[in-house]
Amino acid sequence: MDEIAPEYDVVVLGTGLTECVLSGVMSVKGKKVLHIDRNDHYGGEAASVNIESLFKKYGNYNKGEEPWKKYGRINDWNVDLVPKLLMANGELTNILVSTDVTRYLEFKQIAGSYVQQGSGAKATVAKVPSDASEALRSPLMGLWEKRRAKKFLEWVGAFQEDNPSTYGGLDLNRCTMREVYEKFGLEATTRDFIGHSMALYQTDEYMNEKGAAKDTVQRIRLYVNSMARYGKSPYIYPLYGLGELPQGFARLSAIYGGTYMLNTNIDEIEMEGGKVSGIKATMKEKSDEGEGMKFSTKTKKIIGDPSYFPGKVQVVGHLLKAICILTHPVAYTDNSDSAQLIIPQSQVGRKNDIYIAIVSSAHNVCPKGYYIAIVSTIAEGSSNHHLELQPGFERLGKIEEKFMGPPIPLYEPLESGRNDNIFISKSYDATSHFETTTDDVRDIYRRAEQEELVVEGLREGDTLVGQE
Amino acid sequence: MTSRVSTGTRPGARFAQFKLVLLGESAVGKSSLVLRFVKDHFDDYRESTIGAAFLTQTISLDDSTTVKFEIWDTAGQERYKSLAPMYYRNANCAVVVYDITQASSLDKAKAWVKELQRQANENIIIALAGNKADLVADHPDKRAIATADAEAYAREAGLLFFETSAKTSENVRELFTAIARKLPLEQAGARNMRANPRQGVDLRPEAPGTQGGGACNC
Ligand SMILES: Cc1cc2nc3c(=O)[nH]c(=O)nc-3n(C[C@H](O)[C@H](O)[C@H](O)COP(=O)(O)OP(=O)(O)OC[C@H]3O[C@@H](n4cnc5c(N)ncnc54)[C@H](O)[C@@H]3O)c2cc1C
Ligand SMILES: Nc1nc2c(ncn2[C@@H]2O[C@H](COP(=O)(O)OP(=O)(O)OP(=O)(O)O)[C@@H](O)[C@H]2O)c(=O)[nH]1
Ligand SMILES: [Mg+2]
């Protein structure tokens, strides 16, 4: 086995999406990258796993049983551990296109975007209106409200950040979103689906925050523009599951010289004068007997996920998540092969929305006839977490198999990393998409490199990789 | 990225696209073989793979049949046993390379063949390439692996077999042509008759049928 170089510009720990995007971008920019994961697979928390691994991860079966055997070929399953989708017009799509990682992946639309009104037996589920004209046909609103919603969405559509004459006489830099809703005379139920299923806020706090109205308008525009891109929903999804995303960026990094080592434990992070100076590590496959390969190398920077730095992160919340296997599409989703369904918090007496993300064999994540639905929310209590997800389970009908572990802690770094040059990412949060993940990518890049990350044109003029 | 076959404009014309992956120990000449096949070029001082995501090259088998290879190089990720499943996914054919002057490289190649036969789909076409044949042309004593031994192993394991030189281009085209001939054109056609190469959505902003950035579509 070749020698590991004596020094790297950056050592990246963990192969989650955040780390792989950063690794890829840095390699393309000519940095010498060593990328390490303690696991035997790519993706960390953002991996997709097969059905046997899923059962083993959650351990919900009796010893000696092999319940995965009744679910067809094990490798036909690629079940996401993170319940997220890509916004078609979002930043991750932009990065994928700018870096050409789209060449290794194929994407499909998510077939529909739905929202629940009411709860229990009276719950109704309807398509989220995607533009002003759909608002006019939506069963979510009465006749007069439809016209008001249309007016509002037209105003959002005409909005230009740098042109205050499009602000509609509102002081958007200072007013709250509540004031905007009031100006358009929108009812509470309309505010609910606009704020939660279009702007994708998970709580109602956004409504009272001064100066946040602009952000809300931009979020609605992202939704509407993503929707307009392919037509069925604002979301797209990679064939074979989200775990393909980190693999794609890892490949990009490797193509530009990044060195990859799975099955590698960090034994020690070496410091000099308060700053990181190198690492000591051991590469050893699980099946290998003996010591494994020990090595050390110098580096001035480390980027890593929270699991590699338990002493340098704090818990900011807990995510509840249940992965459910179904043999039927979800009711009221027009028999869609995939969908997102949002249950806004106010409809079921909660503070945080419940999300359901559904994908199926159409996305090569399970055999024909199966659907994978992930129900998730932010934990509000310290017990009875199953009950917190109950309104979501009610939407699913018969559930063949349910995988639900303890609440998942969400971590954030305690420090920016400027002092010790250890830059730590955040956990994948409860939002339904990757916009906050790419915010974190940009933030880490800024902290580590002291410049803004510009992905546009990153690979332009790159002749080595041309197709033909 | 699965195999694609479509009938062209000419009656009876066939065009098929297949994913080909390269495997083998570091420095046996995987990237060099691809470079020779795709660009008809050779570098004496190639560093380890940098820059080639995947390359494509087309072979015309006869007047009416064209095979296009989408060739994936390991990008060095196999060096520390860190190849991603994405790399093998839907591979239709594999070239397993060893260096005829390095005995250990054939053992490594055999291990890859075993892994392929265990993990890949059962119809995958595997070719074994004993590379750097030019090195033994003038110095037969440099040879570490007898042709007959490798050939016997290949026959037993059901592999195509060539001794190649990326440097002189000996047998390089022959290797890829033999693979193209063995690929199941008919079968792929029956499974997957598609004019449109990609089944998913096209993410590029200028992609036809999509409306990009700019104005809001409210
Ligand atoms: C050396 C090696 C190591 C591997 N290691 C790992 C690993 O560590 N972890 C892991 O998860 N996986 C691993 N894999 C598995 C790999 O990721 C794929 O799952 C596997 O190659 C697919 O094989 P299959 O039998 O499922 O193919 P199938 O799904 O049976 O497909 C067979 C062939 O038919 C084609 N095909 C299938 N459906 C269609 C269709 N509808 N239309 C047209 N063509 C079609 C495919 O393109 C494919 O070529 C490995 C594979 C190999 C070769
Ligand atoms: N003489 C001779 N040298 C070759 C031949 N093919 C490759 N080489 C040399 O062998 C070295 C390694 O070749 P690469 O093509 O980089 O090998 P690789 O298998 O892609 O290596 P990794 O990317 O590290 O896995 C280079 O110095 C090449 O010039 C050949 O046919 N004959
Ligand atoms: Mg190479």
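This is a predicted model: local features need pLDDT of at least 70, side-chain atom pairs count only at pLDDT 80 or more; totals for chains, interfaces and linings use all residues.
View 1. A compact globule of 468 residues would have a radius of gyration near 23 Å; chain A has 23 Å, which agrees. Of the 468 residues, 59% count as buried. Among contacts with a separation of 6 or more, 70% come from residues 24 or more positions apart. The accessible surface comes to about 18700 Å². Carbon and sulfur atoms hold 47% of that surface.

**View 2. An open sheet of four strands in chain A.** The strand order is β1-β14-β13-β12. The pairing is mixed. Strands β1 (7-8) and β12 (264-272) stand at the edges, each with a single partner strand, so one side of each is left without a neighbour in the sheet.

**View 3. The pairing of β12(A) with β13(A).** Strand β13(A) covers residues 275-283. Eight bridges join β12(A) to β13(A), and the two run antiparallel. Which residue stands opposite M271(A)? Find V276(A) in β13(A).

**View 4. An open sheet of five strands in chain A.** Here the order is β11-β3-β2-β15-β22, and the pairing is parallel. The edges belong to β11 (259-261) and β22 (422-424); each has a single partner strand, so one side of each is left without a neighbour in the sheet. Neighbouring strands of this sheet are turned by 15 degrees against each other on average, direction ignored.

View 5. Strand β15(A), residues 302-304, runs parallel to β22(A), and three bridges join them. G304(A) stands opposite I424(A) in β22(A). Helix α11(A), residues 435-449, packs on the sheet and touches β15(A) and β22(A). Its direction makes about 170 degrees with that of β22(A). Helix α1(A), residues 17-28, lies across β2 (10-13), β3 (33-36), β11 and β15 of chain A. Helix α1(A) runs at about 160 degrees to β3(A).

**View 6. Helix α9(A), residues 244-255.** Is this helix mostly covered or mostly exposed? It is mostly covered: twelve of its twelve residues are buried. Among them are E244(A), Q247(A), F249(A) and R251(A).

Terms used: Residues are numbered from 1 along each chain as its sequence is written. Chains are lettered from A and ligands numbered from 1 in the order in which they are written. Side-chain values use heavy atoms; hydrogens and water are left out. Two strands pair if DSSP finds at least two bridges between them. Axes are lines fitted to C-alpha atoms, for helices over the stretch in contact, and angles run from 0 to 180 degrees between N-to-C directions. Contact means heavy atoms within 4.5 Å. Buried means under 20% relative accessible area, exposed over 50%, partly exposed in between (1.4 Å probe, protein chains only). The radius of gyration is taken over C-alpha atoms; the globule rule is 2.2 Å times the number of residues to the power 0.38. Accessible areas come from the Shrake-Rupley method with a 1.4 Å probe; for residues, only the protein chains shown count as cover.
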